[in-house]
Structures are given as C-alpha cells and as structure tokens.
Amino acid sequence: MPDKPGAGTQGSSKFRDGQSQSYAEQSEQKFYELIESLPMIAVQGYNKKREVIYWNDASRRLYGYTREEAQGQLLEDLIIPDHMREGVIQAHHNWLRNNVSIPSEELELQHKEGHPVPVYSSHVMIKQDTGECEMFCIDISLEEQKKAREELYRRASFDDLTGLPNRRLMETELSSRLDAAQRNDHSVAVVFIDLDNFKLINDTLGHHQGDKLLKAVSEAFKREVRGSDLLSRFGGDEFVLLLFDFDGPEGVLEILRRLIDTLDQGFILEGDYYPVTASFGVSLFPDNGTTGAELMGNADAAMYLAKEKGKNSICFYTPDINDRLVHYQDVTALLRKAIESDSLQLHFQPQIDLKHGGTDSCEALLRCFDEHSQPVPPAVFIPIAEKSGLINRVGDWVLESACKQLSAWKGTALENTRVDINLSGRQLTNPHLADQILQTLERYNLSPAQLGVELTENEVVGGDDGQIAQLEKLKASGVHISIDDFGTGYSSLVYLRKLPVCGIKIDRSFLHHAMENESDMAIMQAMITVGHSLGLSVVVEGVETAEQHKLVKDVGCDLAQGFLYARPMPADQMPAFLAGHTA
C-alpha cells in the first residue's frame with residue numbers, strides 16, 4: 001500500500017491493533033486503496049505548494065519516476081513541459097485563491113526521459129476547508145488512442161506503397177499554401193509528373209516489379225526535391241510536385257532537370273536494369289490559375305502535351321493547351337464510339353509487282369470518320385489511340401475486319417490476295433498475340449499465307465526475346481512479316497539477318513530524295529541489295545510519278561505502292577482495280 005499524503009508509514013499501519021477509526025479516516029483509507037488498485041489510472045497527489053505527496057504505481061509506469069523519486073518534488077519540475085510551466089502554476093494559484101477549478105482535458109505531459117506522454121487529465125481538490133488543500137490529478141494514458149489516430153491519419157494522408165503524401169494531403173497543403181501566397185504575393189508551381197510507358201512495365205514484368213520500380217523512382221525524387229517542396233503520389237504512375245520559393249520559370253526548370261537527370265541514370269532492381277522517362281506538366285500561380293483545381297487541371301493538360309513531345313519532356317501551361325486537350329478527348333471519344341458501333345473502315349492500297357505488272361498483295365489502312373462523315377487523318381487518330389490505351393482494341397478490330405474481308409473474297413479474283421495489317425508496339429507486348437492471329441485466321445478458314453503484318457523498324461529492333469518469339473511463331477506458320485518505314489529508325493541493316501522478317505518497306509522519304517541526291521540513291525540501292533541478299537522482298541512506298549516508277553524498277557525493287565497506281569480504296573472497289581492491273 002502506498003504512503004498516505006503527509007504520512008511517514010503505510011496508510012494502514014496506524015490502524016493496526018484494532019484502534020477505532022473515524023468515519024473520515026475510513027473513507028480516506030478506502031479512497032487510497034481504490035486508487036492504488038487501478039492499474040491503468042495514474043493518480044498523483046500534491047500539497048498546496050504543488051509538492052508530490054502521493055504517487056501510485058500506475059504513475060510510475062506512465063511517467064517513469066518511482067514513488068521515492070517523485071516524493072516531495074514539484075509538479076512543474078516532474079512532468080510539466082517547459083512551455084506549460086507558467087500556465088500550470090497560475091491555474092493552481094487561481095484554484096486555491098479564487099476556487100476556479102482546472103478543467104479536464106487532453107494534455108501532452110512529459111516522461112522522465114523527456115518524450116511526450118499523451119493523457120486525459122482530471123483534477124480534484126480536497127481538504128479545502130482545513131487550510132491544507134491537496135490536489136489530486138487523475139491521468140489516463142492516451143498512447144493507444146494517439147497511435148490509432150496517427151495510424152488513421154497516416155492511412156488517410158499518405159500513400160501505402162511509397163510513403164509519400166497522397167492526393168488528399170497534397171490538395172489540402174496546396175490550398176493552404178495558395179492562401180499564404182495570395183497574402184504575401186508569392187509564386188507557387190504545380191508540376192504533374194507521369195512516368196512514360198509504365199503500363200508496359202506492369203503488363204510485361206508484373207505489378208510486383210512495377211511497384212518496386214515506383215518505390216525506387218519515388219525515393220530518387222525525394223532525394224532531389226528541396227525541404228520546402230512537397231512531393232506526392234497522385235495515383236498509379238503519376239506524381240504531383242508542389243514548388244514554393246523558386247526563382248521564376250528558370251528555377252522550376254532547374255529543379256525538374258535534376259529529376260530528369262536522376263531518371264536518366266535508370267534503376268537496377270534484382271540485378272536487372274530499367275530505363276525510366278517521365279513527362280512533366282507545369283502550371284504557375286497566379287499566371288495559370290488562382291485555385292488548386294485550376295492549377296491542377298492546367299498542369300495535367302500541360303503534361304499531356306509533354307507526352308506528345310516525347311520522353312523526358314517539360315511543358316509549361318499555355319491557354320492553347322486546353323484546345324488541344326479538348327481535341328484529344330473528342331478524338332478519343334470518337335474512336336471509342338467507332339469501335340463499339342463497328343463503324344471504323346478498312347481501305348486497301350494494292351502493291352504492284354514491278355516485274356510483271358500485276359498485284360497479289362495490298363495494305364489494309366484504317367479509316368475513321370467524324371459525326372459529319374468527314375475523315376479524321378490517321379496521323380491524328382493513331383497517336384491518340386496509342387496514348388489513350390485504345391490501340392489494342394483498334395488492332396483487334398483491324399485483324400478481325402481484315403480476316404472477314406479475306407473470307408468474303410473467297411471464290412473471286414481476289415481470293416489469292418494477301419492483306420497486310422499494321423501492328424503497334426503495344427500489341428507486340430501481348431504474349432498471346434501470335435495465337436490470337438492464328439486462331440482468327442483459323443476461325444475464318446484462311447491460310448496464314450493470306451495475311452501479312454507490318455511493324456515499324458523501331459518496334460521490331462527494340463523488341464525483347466518474348467516479342468521476337470511471337471514474330472518467329474507467326475513467320476513459321478506462314479504469315480508474311482515486313483518492316484515498315486525501313487531506314488527511318490535504328491541503323492538496322494545488321495539486324496535484318498537476326499529478325500524473323502520476310503520483307504522490308506523502304507520509307508517514301510528515300511525515294512523522294514533519291515530523285516535529287518546521289519547519296520540518297522546510293523543508300524536506297526544499298527538497302528535493296530542487302531534485303532535481296534538476305535532473301536527478303538523489297539517494297540518501296542510513296543510512288544507518285546512515272547519517273548519514280550522507272551527509278552524503283554531500275555534499281556531492282558520487287559513491289560511498289562503509291563498514288564501513281566492507286567489510292568487506298570474501299571473493299572468493293574478492289575475487283576475493278578484488279579481487272580485493270582492483271583499481270
């Protein structure tokens with residue numbers, strides 16, 4: 001049993017030997033027995049000088065002082081933080097002199113080792129009529145509640161994967177900083193950061209590896225941003241950086257270039273190297289908006305324009321960006337609607353056999369029309385299909401429609417015509433692409449030799465082993481594979497002997513330049529010679545004049561394609577064209 005206030009022996013000792021107790025003494029004894037039996041409630045007693053006269057064991061566990069250490073010490077010297085000392089002394093005096101009690105409240109008091117102790121503290125004054133007033137403090141630890149609140153706050157305010165502030169905390173901080181910036185005439189920059197082609201990483205390597213890369217990128221970014229700035233994960237592979245106290249747009253560029261330099265170094269995860277690039281969109285307060293919503297929206301729009309520019313690009317918001325974003329959204333909606341309503345069209349452009357004059361192959365070219373039946377140029381809608389993630393659905397539609405048309409040509413003069421379709425690099429990442437193509441051909445009872453696929457040079461040369469295996473499977477089955485726009489990407493002549501391709505299509509730019517420049521003529525002849533030495537067919541694109549026709553025939557091209565022979569045409573016009581261009 002602990003000591004009673006003012007007693008030098010245990011509270012029960014003076015009543016041994018059967019001595020009678022007054023009612024007050026019995027009540028007091030029961031009070032001390034009660035508070036000592038409460039293991040989770042810390043109770044301390046103080047005399048009118050605020051010296052400790054009682055200290056139960058729960059107080060020891062809560063504040064770290066033993067009963068012996070606490071006895072006789074001043075309240076403000078034990079558990080009161082420095083910034084609360086004067087207030088506590090004044091409140092105690094006010095209670096003694098003016099009978100103004102201290103209210104119960106949540107406090108952060110101080111442990112013997114110096115760290116804060118969160119408690120709910122209540123206060124009771126007894127013996128006020130005797131002149132020997134005693135104040136008892138009853139403290140309940142709020143440590144568990146504090147931890148629970150902190151965990152709730154962390155979950156509500158921080159991203160679980162990266163530990164960065166999340167969108168909610170970032171928007172709250174932005175709103176607060178904008179109010180201060182408006183009062184003090186300061187600038188604020190909102191930077192939207194989106195990792196380029198991150199979906200491909202998730203699709204090919206799995207989300208587990210993608211998460212590791214996101215964590216590595218966020219750690220690298222955190223090392224580069226200043227203490228005054230706020231880096232947050234907005235969601236997915238998007239980050240938002242809030243910049244404060246910078247020296248104009250040039251100061252923003254300096255910070256962002258540091259981030260780009262960090263990305264340029266790449267990341268090594270589990271022994272594998274991963275190159276990473278990002279697109280940065282910037283909006284500035286107050287020039288590009290005065291509210292968080294305006295600045296966020298404009299930074300997002302600028303980021304989309306940065307993606308159009310290419311990897312590791314930085315774009316500052318300008319008013320015309322909104323028009324481009326609206327156009328992007330309109331075309332995306334148009335494409336999605338056209339896919340769902342099956343209203344896209346395939347047009348076919350024949351490839352002419354330069355030796356015999358006939359044609360037995362053609363390229364299927366996708367056509368999209370707006371609500372007024374006006375054509376949307378492929379140079380507009382194909383990049384948007386890539387960026388919006390619709391390219392796989394578009395590719396599936398093209399494959400299905402081309403096979404359907406080949407099936408419809410059975411029993412006609414076109415039944416032996418091969419149709420070449422274009423594949424995107426994103427489609428090539430599908431590990432089941434070859435099976436999908438072969439199963440579609442089988443469903444329409446077509447031979448693989450009736451279909452060709454074209455990929456741009458960069459997509460073929462940059463493919464990994466799995467993607468190359470897909471092409472090898474298609475070639476082995478009889479599908480004709482060719483490299484489109486050959487000569488415009490990698491210096492890839494050395495790659496031709498390694499790649500599973502059947503032919504090359506020389507880009508139209510070489511033909512146009514070869515008419516005027518002997519160097520370009522020599523390059524084109526070299527490509528044709530190497531292609532033939534490897535057993536590949538050679539097609540040249542963009543033949544528009546009789547002089548160009550004569551040139552490509554003289555230098556040994558096998559096939560030619562261009563407006564001189566035929567513009568891309570609907571399927572129902574192909575029979576008439578074929579009738580006039582038989583071998």
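**Charged pairs and their surroundings**

Author: Let's start with Arg50, which counts as buried because its relative accessibility is 9%. (Buried means under 20% relative accessible area, exposed means over 50%, and partly exposed lies in between, with a 1.4 Å probe and protein chains only.) Before we go on, please keep in mind that this is a predicted model, in which local features need pLDDT of at least 70 and side-chain atom pairs count only at pLDDT 80 or more, while totals for chains, interfaces and linings use all residues. Residues are numbered from 1 along each chain as its sequence is written, and side-chain values use heavy atoms, with hydrogens and water left out.

What does Arg50 meet in a salt bridge? Its partner is Glu76, with 2.9 Å from N to O. The general idea is simple: side chains of opposite charge can pair when their charged atoms come close. Across the whole structure, a search finds 23 salt bridges.

Now for a pair within one helix. Arg60 and Asp57 form a salt bridge whose closest N and O atoms are 2.7 Å apart. Both lie in helix α2 (residues 57-63), and because they are three residues apart there, about one helical turn separates them. Arg60 is partly exposed at 33% relative accessibility, and Asp57 is partly exposed at 28%.

Another pair is Asp159 and Arg233, whose side chains meet in a salt bridge at 3.2 Å, N to O. Asp159 is in the loop between α6 (143-157) and α7 (167-184) and Arg233 is in strand β7 (residues 230-235), so this pair ties together parts that are 74 residues apart in sequence. Asp159 counts as buried, at 14%, and Arg233 is buried at 13%.

Strand β7 leads us to a sheet. Five strands make up this open sheet, in the order β7-β8-β6-β11-β12, with mixed pairing. (Two strands pair if DSSP finds at least two bridges between them.) Strands β7 and β12 (314-316) are at the edges, each pairing on one side only. On average, neighbouring strands are turned by 20° against each other, direction ignored. (Axes are lines fitted to C-alpha atoms, for helices over the stretch in contact, and angles run from 0 to 180 degrees between N-to-C directions.) Three bridges join strand β11 (residues 278-285) to β12 in the parallel sense, and Val282 has Phe316 in β12 as its bridge partner. Helix α11 (residues 292-309) packs on the sheet, touching β6 (188-195), β7, β8 (238-244), β11 and β12, and its direction makes about 145° with that of β11. (Contact means heavy atoms within 4.5 Å.)

Finally, let's visit a network. Which residues are linked by salt bridges here? They are Glu363, Glu454, Lys505 and Glu541. Lys505 lies in strand β19 (residues 503-506) and is buried, with a relative accessible area of 1%. Polar contacts of 3.0 Å join its side chain to that of Glu363 and to that of Glu454. (A polar contact is a pair of N or O atoms within 3.5 Å; within protein, one must be able to donate a hydrogen and the other to accept it, and residues adjacent in sequence count only if both atoms are side-chain atoms.) Leaving aside neighbours within four places in sequence, Lys505 is in contact with residues including Gln351, Asp484, Phe486 and Glu541.

Glu454 stands in β17, opposite Asn422. Strand β17 (residues 451-456) is largely enclosed by the rest of the structure, because five of its six residues are buried. Strand β16 (residues 418-422) pairs with β17 in the parallel sense over four bridges, while five bridges join β17 to strand β18 (residues 480-486), also running parallel. Opposite Thr456, you will find Asp484 in β18.

Terms used:
Salt bridge = Lys/Arg side-chain N within 4 Å of Asp/Glu carboxyl O. Helix = DSSP H or I, 4+ residues; strand = E, 2+ residues; numbered from the N terminus.
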